[in-house]
Amino acid sequence: MPLGLGRRKKAPPLVDNEEAEPGRGGLGVGEPGGPLGSGVAGGPQMGLPPPPAALRPRLVFHTQLAHGSPTGRIEGFTNVKELYSKIAEAFRLPAAEVMFCTLNTHKVDMDKLLGGQIGLEDFIFAHVKGQRKEVEVFKSEDALGLTITDNGAGYAFIKRIKEGSVIDHIQLISVGDMIEAINGQSLLGCRHYEVARLLKELPRGRTFTLKLTEPRKAFDMISQRSASGRPGSGAQLGTGRGTLRLRSRGPATVEDLPSAFEEKAIEKVDGLLESYMGIRDTELAATMVELGKDKRNPDELAKALDEQLGDFAFPDEFVFDVWGAIGDAKVGRY
């Protein structure tokens with residue numbers, strides 16, 4: 001169906017100054033297909049035997065618990081849930097104890113949050129559950145000043161706290177806290193946008209209760225709050241140019257880092273997601289750029305988005321702007 005014929009309605013923003021943002025992840029369970037790191041979206045060709053195990057790529061990653069532990073080695077995962085399970089096995093923990101992971105830093109640095117891509121030389125730090133707490137919040141303004149993300153495995157947590165906001169004045173609430181419940185309603189298994197919507201719908205002028213779990217902290221992180229979530233200044237340990245991309249559908253694949261065009265297009269589309277829908281999601285933006293970079297017109301892009309991302313019900317004007325953003329990036333109009 002051509003664009004502009006009432007295919008969609010514009011979705012109202014889920015949040016105002018609150019954003020829902022997956023930790024560059026928001027990934028589900030992968031579907032069976034090719035081997036890990038094969039770069040092939042499906043399995044072996046019909047009639048051909050699979051390659052011998054000795055010839056398959058063997059990707060091994062090093063990991064530690066963020067609060068301190070020996071170094072472990074993990075391999076053989078194709079999505080975030082499997083990654084958490086492998087980490088839990090390495091350290092003999094229940095998989096449910098792993099809250100999220102950061103790359104190349106043990107600190108709660110949301111700009112180093114593990115998402116859909118892992119550099120082949122990245123060091124993975126796993127943050128596990130620490131102290132639980134219950135906080136009463138008086139909603140004096142419509143916007144609480146939170147950015148919500150999720151770990152792709154059923155936990156939503158706080159990615160940023162806006163300076164001067166309602167939440168910023170409550171010292172017990174910190175970046176990295178997992179939101180377990182709102183007013184007694186369990187949020188385990190909810191996506192970031194569902195939690196953001198619930199927070200937005202809470203009535204102004206009322207008090208509500210947050211049940212939170214903070215990540216277990218190392219000694220040098222005890223006084224750290226990281227309210228703004230600004231980029232960290234620490235050196236990055238990983239230097240490999242390749243990345244392992246964890247997909248919500250299909251097997252993980254080894255890919256090159258995004259090109260300059262793709263990086264700029266992803267940035268522009270991510271900004272459009274915030275403007276139109278009140279969320280920020282770099283992995284969703286990357287998927288949209290991947291779907292749109294070879295399309296010849298907005299109608300082809302709209303069809304591809306409907307087929308792959310139909311649940312989002314993107315409005316027509318948004319699709320037009322995404323098409324324009326990808327086109328601008330292609331010709332260097334940054």
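**Exercise 1.** How many of the six residues of strand β4 (residues 98-103) are buried?

*Solution.* The model is predicted: local features need pLDDT of at least 70 and side-chain atom pairs count only at pLDDT 80 or more, while totals for chains, interfaces and linings use all residues. Residues are numbered from 1 along each chain as its sequence is written, and side-chain values use heavy atoms, with hydrogens and water left out.

Step 1. Apply the cut-off: buried means under 20% relative accessible area, exposed over 50%, and partly exposed in between, with a 1.4 Å probe and protein chains only. Strands are DSSP runs of E with at least two residues, and helices are runs of H or I with at least four, numbered from the N terminus.

Step 2. Count: six of the six residues of β4 are buried, and the strand is mostly covered.

**Exercise 2.** Find the strand that pairs with β4 over five bridges, and the sense of the pairing.

*Solution.* Step 1. Two strands pair if DSSP finds at least two bridges between them.

Step 1. The partner is strand β6 (residues 124-138), and the sense is antiparallel. Thr102 has Phe125 in β6 as its bridge partner.

**Exercise 3.** Which residues of helix α1 (residues 80-91) are buried, and why do they line one face of the helix?

*Solution.* Step 1. The buried residues of α1 are Val80, Leu83, Tyr84, Ile87, Ala88 and Phe91.

Step 1. Seen down the axis of α1, these residues fall within an arc of 135 degrees, so they line one face. The arc is that of the directions from the helix axis to the C-beta atoms.

Step 2. An α-helix has 3.6 residues a turn, so residues three or four places apart point the same way.

Step 3. Contact means heavy atoms within 4.5 Å. The elements covering the buried residues of α1 include β2 (61-65), β3 (72-74) and β4.
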